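Please walk me through this structure in short steps.

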Amino acid sequence: MKVAIVGAGKLGVSVAEALIIGDCDLTIIDTNEQVLDRISQKMDIMAINGNGAQIEVLKDANIGSYDFLLTSTNSDEANIIIASFAKHLGCKCVIARVREPEYMNQLEFIRENMSIDYIVNPDLSITLEIYKYLVEKYTLSNGIFTTGNASLIEFKARKMSKLVGRKIKELSKDIPNMLIVALSRNGKVIIPHGETEIMESDGLYLIGEKNAILEINKHVHERGKYTNIQKVMIIGGGKTGYYLAKKLADFGASVKLIEQNKERCHYLSTHLPNVMVLQGDGTDQSLLEEENFGEMDAVVTATGFDEENLLLAMMAKKAGVEDVISKVSRSNYKALIESIGVDMSLNPLDITSSAILRYIQGSKKIISSTLIQGQAEIMEINAQRGMALIEKPLMDLNLPEGVIVAAIHRRNKLIIPQGQTTIQPGDRVTIFSLLSDVPELETLFKHKRGLHM
């Protein structure tokens, strides 16, 4: 498979790192020669120094021979134009990152008339995850995910008190033929191991046979909670703040949006008539107190600075806000996020990279995928002969810490796997993975040298 990426920023590099593991023929095009040199030193790829919006550059790269092209420059207009050019030059499938709100109401027109196959918007993706959490109170639709004979349920550990205070390895008799595949703890999704102890405040993700899980659901599902959100404060009036404020206001919530830039405030106030837009520094404690910061049902920190978002999240939790959500782009802040205790943290790079990878590779390997709290993904794959994960005990696969094989569907039989379980060709496999580990997970889907699909 041949893939071209125009724009060697964080998104382009993240997708490239995942695809190169999967044995793709990869090309990156960018105007910054120094950036391309650094990338070439780390990855075995073709690097082209040039402007992807110039047809001659695309022709010289023989773009018509490529299966996919991703445009991820800093300009929406450039991304749209480059993708359109590449499509008309013969590239089979083109993907464009488009972020500006002005384009969101005319995506169908852009797709159809510019011949773009798939458009990704990191800010809108984050917004949808935050909205689902705040409004529905569940990160799974109705708290449950079903596939074949298996179901995955999400619930608070306190709703099944016999599990609280105990280690995962001690629970086989209490939840027979079921598996806790993940915990949600202090805003962070965790893949547990045998020694992990369940806390009362944890959110649990439990998978098992469908009828057994549906029976548990009758006792642990919290009903009617989704209607309670009334007052929300959003700090940061960028694209994420804009999308979220609009969606929550349309839902009927009272929204206060704090933004420091005066010109941006003017834009927000004219485009969000049902939102109270306040110009000011979100870290100004007197301003927050004046606007009844501690009385909010939820606070979302979405400035352009991770450190500021985490500081504000800490202040909100200290003030007693029930739901605190933070946009954090750096993966090395994971431990800090957990210590602060935010209810949800989202990384736009992980979400967008995962969506693009699923689109590029899904047609061959991934049956379906569902995003969990914007941090993890449930995916189903068709196990095929030659894949690295075939016919080896799971305990010998050296799975990344953030990956767990949750269930195996073999003909009409459901298998909740253990360490000695092996995956066979033809199995449908349900995998739970942190988004940050998806690139490494791709190595298991890769076919061994000399074997083909």
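Strand 5 is covered on both faces: Cys93, Ile95 and Arg97 on one side, and Val94 and Ala96 on the other, are all buried. Buried means under 20% relative accessible area, exposed means over 50%, and partly exposed lies in between, with a 1.4 Å probe and protein chains only. In total, five of the five residues of strand 5 are buried. In a regular strand the side chains alternate between the two faces of the sheet. Strands and helices here are DSSP runs, numbered from the N terminus: strands are E runs of at least two residues, helices are H or I runs of at least four.

This is a predicted model; local features need pLDDT of at least 70, side-chain atom pairs count only at pLDDT 80 or more, and totals for chains, interfaces and linings use all residues. Residues are numbered from 1 along each chain as its sequence is written, and side-chain values use heavy atoms, with hydrogens and water left out.

Now look to the partners of strand 5. Strand 4 pairs with strand 5 in the parallel sense over four bridges. Two strands count as paired if DSSP finds at least two bridges between them. Leu69 stands opposite Val94 of strand 5. Strand 6 also pairs with strand 5 in the parallel sense, over three bridges. There, Tyr118 in strand 6 is the bridge partner of Ile95.

Six strands form an open sheet with parallel pairing, in the order 3-2-1-4-5-6. Strand 3 (46-49) and strand 6 (118-120) stand at the edges, each with a single partner strand, so one side of each has no neighbour in the sheet. On average, neighbouring strands of this sheet are turned by 15° against each other, direction ignored. Angles run from 0 to 180 degrees between N-to-C directions, and axes are lines fitted to C-alpha atoms, for helices over the stretch in contact. Helix 2 (residues 33-42) lies across strand 2 (25-30) and strand 3, and runs at about 175° to strand 3.

Helix 4 comes next. Helix 4 covers residues 76-88, 13 residues in all, and reaches 19 Å from its first C-alpha to its last, close to the 18 Å expected at 1.5 Å a residue. The expected span is 1.5 Å times one less than the number of residues. Asp76, Asn79, Ile80, Ile82, Ala83, Ser84 and Ala86 are buried in helix 4. The buried residues of helix 4 pack against several elements, including strand 1 (2-6), strand 4 (68-71), strand 5 (93-97) and helix 6 (107-114). After helix 4 comes Gly90, with a positive phi near 110°.

Thr73 sits in the loop between strand 4 and helix 4. Thr73 is buried, at 19% relative accessible area. The side chains of Thr73 and Asn79 make a polar contact of 2.7 Å. A polar contact is a pair of N or O atoms within 3.5 Å; within protein, one must be able to donate a hydrogen and the other to accept it, and residues adjacent in sequence count only if both atoms are side-chain atoms.

Glu100 lies in the loop between strand 5 and helix 5. Is Glu100 buried or partly exposed? Glu100 counts as partly exposed because its relative accessibility is 29%. Leaving aside neighbours within four places in sequence, Glu100 is in contact (heavy atoms within 4.5 Å) with Asp76, Lys239 and Tyr243. A polar contact of 3.4 Å joins the side chains of Glu100 and Lys239.

Which residues have the most contacts inside the largest nonpolar core? They are Leu69, Leu134, Ile234, Leu248 and Leu389, in a core of 98 residues. Such a core is a set of buried Ala, Val, Leu, Ile, Met, Phe, Trp, Tyr and Cys residues joined through side-chain atoms within 4.5 Å. Apart from it lies another core, of 21 residues, among them Leu278, Leu288, Phe293 and Val342.

Helix 14 is mostly covered, with 11 of its 14 residues buried. Asn347 caps the N-terminal end of helix 14: a side-chain oxygen lies 2.9 Å from the backbone nitrogen of Leu349.
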